[in-house]
Amino acid sequence: MYTPVYMRPPRLPARASAGSRPRFRFLRRARAMAPGILVLALGAPVLGCAGTASGSLRAGEGRIAPVDVRDNDFAVNLHKVLRDGSQSPERLNLLAGVVRRQLAHAAGRFGAGHPERATDSVVGALYLVRTGEGRAEMVDAAGERALAGAIDRISPRGDEGRAQALMMMRAAALKPGTRERVALDEHLAALDRWMTDTHRGGPMEQLGARERAAVARALVDPSEQARAQAAAAVSAWIDKAIEFNFELRQSGRRPPREEAVEVQRALDTGADTLAAIFLRHGDAKRALEHLDRSSARRIIQPSLYERIRSAADGDEGKEWQALAGAFAQPSADVGGEVGMDPSVLAGGLWGAALEAYRRDPSMPDSALMVAHALVRLGMSEGAPLVLTDAVSQNPNPAVLSASMQMLLEALGADAEIDDHPAARRTFQAAGAMLAAADKPEVRRRVEPSSARARFLMATIEVRGGNLPTARPLLASAVAAEPSVSGYTILAMVERQSGNVDGALSQLARALAAPDARGALLDLADAQLLAYEIHREQNSAGNAKRSLDAALSAVLSAREQRSNSVTKARAERLLGRVLDGYGDAKGATRALERALALAAEDRPVLGVTMLDAVGRALVRRDVTAARAALARGLEGDVAEEDLVYAGLWLWLLERDLKVPTDGTAEAALKPGQNRASWTSKLAAWAGGKLSDADLGTAAQTSSQKVEAAFYTAMGRKVSGDPAGTERLKDVVKSPVIDLLEVQLARELLAPRMATELPRGVRIP
């Protein structure tokens, strides 16, 4: 697992204020959606949070020949599909190829144990298809696996509309009569019966349930039938709500609470939902027609109606952008007090923003909205090229800064799930944008800078074990923005490449970096790295000087005013330094203080717990390991952190041949995501996977190194001398920022007696 990389978090769009609408209000409720809807609608996990595309994939009807879109060409071809909304056969062939490739990306993410991002990626593929464009050829074997994974993911959520649409798409990819097709047809029939049986309650509750299912299906199903059924369901829902409201005014009798909630939801969001069904597919004219001929015209806000009419009549980029803006920052115009379903809201936003972008790609706001959606839909590769269209016409610092921020988010989204190839494709697509940000006339006014982007990509390459590619990116970034941490990472790369002199040279630069005086904890990290290198070289004098300097930096940092996160980091570093001196009691006290400081911050507590349990593993201190892991369990830290810490304690107990007290088992209990890598590690510890099985299950470079570490440790604690030899291979791994690599290094490091400096008071 990775050690933390401290980077400035991305800036989020400003929050929008909530509003209310004046007509047909008889039930006041808090908005279902928080302010800042642009972040929520485009930033949340997409199934259940963002409108989707595609649906009934028709065989025949002008069969197509999907273009063979390769990963290297994915970004360019995705960009072509986004820019061109025509109905030409050539574009349809290209669209089919892009959809296939994106579904293959989704299938890979399911296989790697990232079902949430994988499901978003399925939706991303479907978002690209609009009414009348669905074809069975868009789903090949990989696509069928991706759809199956998405169905498994959303079915338990009761999202019958999307589940039904995805099942129909998957059925189109299976041959009639096959076992899988027969089973799927049975599931569809059962789903139909279930929807009929469960849509109960009062009249408004039943209509509301039908509306939700029909709209959810229409957002992912590009057939005309799906849109017509959804429009009819919404209209019936609105009509009944208006009737209820009229009866209330006449009689004064309030309906049951459940019915009242549905009435309010229909009056507040019904018209907006009806419009979004058609806007999702970029069809403002049909949206206007259905509004005009239904009761929705009576309840829609005049300002939203005018924006839809302007887009339908004017059909220019600025009109579409204004319409997208209404969905991007809803107030009284969209959603009322109740607030729209995020998936419906995002569907309207996606369709309107994409139409605005297609009509005028130079408009920054439209490009940013489309790019943001692409990132959240698992298609980060398309974001840089969309942004480049705007940057090329508006190469000013403001547009460049917003675009660079989006690039960082795009890279981070895929790096978070270790999809380093996707991040690499995204970075390669950003070449022109980076070049624009590098120009002397704007370079100093672009924030975040191009150096930040190169630094982030370099750390992603480091995490992927691709050190030859990471080195020049790091060198370029640090040359532009020198820092202690930047030079320290460069030193780590040089050290792992076998260039000890180069590593020490980079550390010398780190100590002289412009921020060295203020970044005391980064300075301590650099000195600790120097200590480790000197220790490996059996250079006792240099090792002591570096350790003394690290101690001085940490103690000085502890005296500075800071928040609990920084204080906890300082205590963790102090623990590492004191371990270097052999002061086990002082190190234990430091880590106990760190755990106490991190108690109210779940992510920081997880990192601190891992430091404490890892140290205990190296020092063979089972009591400390159990105590630290218990703190993590009590603090409900992330399941991933618990599994790793549980593994280390489990290994330590086996090494010391002491009976377990149940703490490790509590941390290793199966989680919700049985396909995740940490679940496989836990299964290995439980004897359900062999060493060979674990190695086969490892997909990424980091997972392979982790598998090598744990199987080596398993051998080592069982008394097999081969375990130690295998740990030496782990130490040589190019995936240098894994905690497992650091643990292997510490377990094998020579012990060096080093005395504490005289006169230094250790807390």
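Among contacts (heavy atoms within 4.5 Å) in the chain between residues at least 6 apart in sequence, 72% join residues at least 24 apart. The model is predicted: local features need pLDDT of at least 70, side-chain atom pairs count only at pLDDT 80 or more, and totals for chains, interfaces and linings use all residues. Residues are numbered from 1 along each chain as its sequence is written, and side-chain values use heavy atoms, without hydrogens and water.

**Chain totals**
- There are 37 helices and 0 strands in the chain, taken as DSSP runs (H or I, at least four residues, for helices; E, at least two, for strands) and numbered from the N terminus.
- Of the 763 residues in the chain, 58% are buried, that is, under 20% relative accessible area with a 1.4 Å probe, protein chains only.

**Helices α2 and α3**
- Helix α2 (residues 71-83) packs against helix α3 (residues 89-111) at an angle of about 130 degrees, and their axes are 10 Å apart.
- The contact residues comprise 6 nonpolar, 3 polar and 4 charged.

**Ala749**
- Ala749 lies in the segment after α37 (739-748).
- Ala749 is buried, at 12% relative accessible area.
- Its C-alpha atom is 7.1 Å from that of Glu536, which is 213 residues away along the chain.

Technical notes:
Axes fitted to C-alpha atoms, helices over the stretch in contact; angles between N-to-C directions. Nonpolar A, V, L, I, M, F, W, Y, C, P; charged D, E, K, R; others polar. Buried < 20%, exposed > 50% of the residue type's maximum accessible area, 1.4 Å probe, protein only.
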